[in-house]
Amino acid sequence: MSTPSLTQRPEWQALQNHSQHIKQTHLRALFAAEPQRGDDLTTEAEGIFLDYSKNRVTAETMQLLWSLAAACDVGGHVAAMFRGDAINLTEKRAVLHTALRAPRLATILVDGRNVVPDVHVVLDRMSEFATRVRDGSWLGHTGKRIRNIVNIGIGGSDLGPVMAYEALRHFAARDMTFRFVSNIDGTDFAEATRDLNPEETLFIAASKTFTTLETMTNARTARAWCLAALKDDAAVAKHFVAVSTNAAEVSKFGIDTANMFGFWDWVGGRYSMDSSIGLSTMLAIGPDAFREMLGGFHAMDEHFRTAPVESNLPMLLGLLSVWNNNFLGAHTVAVLPYDQYLKRFPAYLQQLTMESTGKHVTTAGASVDYETGPIYWGEPGTNGQHSFYQLIHQGTRLIPCDFIAFARSQNPLGRHHDLLMANVFAQAEALAFGKTLAEVTAEGNPDWLAPHRSFEGNRPSNVILAESLTPAMLGKLVALYEHSVFVQAAIWNIDAFDQWGVELGKVLAQRIVPELESATDSDLKHDSSTNALIRRYRSMR
Ligand code: F6P
């Protein structure tokens, strides 16, 4: 018997019917009917407290979501991932970022080989290298100490490293400078290196494939920049290391594979910040703190693998996202970290979520007849409050929000942290409960002004609260979102681990490059718009 399509499943249809009732119900009514709701619809694990009570759900909604998860065999999918099955179907690969943070003595088999010892061999090499750079025993070509690290990568080979560096800056070596170059726009490289001394600079060329146009172009520019100052090809060995799965391309580029840190095709780019792609993170915070971060990831992996659905954080976050997206019609999710150190977290999550769930066909290649991945976006609070929150509060769109906050600041300055936290709680409260026209009028506002000053409320949010942003906590937080994405993809029956959608633009750009450099017009065979833009650029530059 063939599997019913998602929307034909009775569990889906039950949620559809139930949503008609919920759509008529305000969060004010839900809270009034259930005085304990603010305690009941919460859960806590691994030091992360999740309050999901301000979502437009009831106990029945949650039961129905859990039934949907069971019907879609999310548990079976989870087991298959952890087992190392080739669940990335279109690329025929296992998906084992969880092996990157497995303890040394664990066993995880890929094609009959235990990959955990391989992971730890690389981690040990990274630790030894990071220690030498940090303690000054790895010197540059002219004998100077390395003070600047420049990570060159893009997508997963950039967003994870830069996000983690910013997030854990408090724990970073303050006598070193860390820069991240990703864009093929030469400005990125120029600005990142303009004040650096090549004698004290180490480049990490980070690319899973070692063929990515942006990274290879920036790495070549970096080599030229370095050699222009150091004037000796032998300097490359002291100023360049590579992080990749592709040893052949690394050698071809001119980096000795003795200076390469490997990883494996079963690590997706956007799931790779805890592989050797995290070398810059380790250089910043040191091997011990890096291992604490891996410990955090692993703790969340174990929680996800073993906790019952009702108290399983990634499961809850994932199912609530399905609910908001598919049954309440929300198209986006705002990620709002109330911690300045997490300023790049929304950008990181954009790749993690949208490259994973931006899919229009099922794993079997059939068109979906439901919405898949929502758009993730956001900025740290409180900055966003003075910018786009207006639309979240009073606009016509439903935008579920994830507030992320910590009880203790790394920089306790006067009243700053209480003021910050007051804003988290106030925003979630305002979104949920709003302010009625009657309340606004009772405050003395004239009739013409009252509609402008009223807030409908009923806007859903999660509050994710933890003690403080440590390396371990960052690992837990990232793994929480990784697994939440996994749950959503399992429900939608899509491949969360491929990214074919990035290919077409890459191919077309390769075709256009020589056309920009050529003087003849006759070779332009695009549509009239693309042809005209190319001609205009040629004449304008
Ligand atoms: O273009 C998308 C992508 O393939 C991402 O999935 C990946 O993280 C990024 O490019 C960089 O790839 P690489 O690490 O191979 O340079």
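**Cavities, pockets and ligand**

Trainee: What is the volume of the second largest cavity?

Mentor: This is a predicted model, in which local features need pLDDT of at least 70 and side-chain atom pairs count only at pLDDT 80 or more, while totals for chains, interfaces and linings use all residues. Residues are numbered from 1 along each chain as its sequence is written, and side-chain values use heavy atoms, without hydrogens and water. With a cavity taken as a set of points on a 1 Å grid over the protein atoms alone where a 1.4 Å probe fits but cannot get out, and volume as the space filled by probe spheres on points joined across faces, edges and corners, the second largest cavity has about 50 Å³.

Trainee: Which charged residue lines the second largest cavity?

Mentor: The lining (residues with an atom within 4 Å of a point) includes Leu 100, Val 119, Val 122, Leu 123, Met 126 and Trp 264, together with Ser 275 and Ser 276. By class, there are six nonpolar, two polar and one charged residues, where Asp, Glu, Lys and Arg count as charged, Ala, Val, Leu, Ile, Met, Phe, Trp, Tyr, Cys and Pro as nonpolar, and the others, Gly among them, as polar.

Trainee: Which helix gives the largest share of the lining of the largest cavity?

Mentor: The search of the whole structure finds two cavities of 30 Å³ or more, and the largest holds about 110 Å³ of space. Of its 13 lining residues, Leu 317, Ser 321, Val 333, Asp 402 and Asn 462 are the closest to the centre. Among DSSP runs numbered from the N terminus (helices: H or I, at least four residues; strands: E, at least two), helix 14 (313-327), strand 12 (401-406) and helix 20 (471-492) each supply at least two lining residues. The largest share, four residues, comes from helix 14.

Trainee: Where does the ligand sit?

Mentor: The largest pocket (an open set with protein on both sides within 12 Å along at least five of seven lines) contains about 1,000 Å³ of space. Its 42 lining residues include Thr 212, Glu 355, Gln 499, Val 502 and Lys 506, which are the closest to its centre. Two or more lining residues come from each of helix 9 (213-230), helix 15 (345-357) and helix 21 (503-517). By the criterion that more than half of a molecule's atoms lie within 2 Å of the grid points, the ligand sits in the largest pocket.

Trainee: How many charged residues line the second largest pocket?

Mentor: This pocket has about 420 Å³ of space. Among its 17 lining residues, Gln 340, Ser 409, His 416, His 417 and Leu 420 are the closest to the centre. The lining divides into six nonpolar and nine polar residues, and the charged ones number two.
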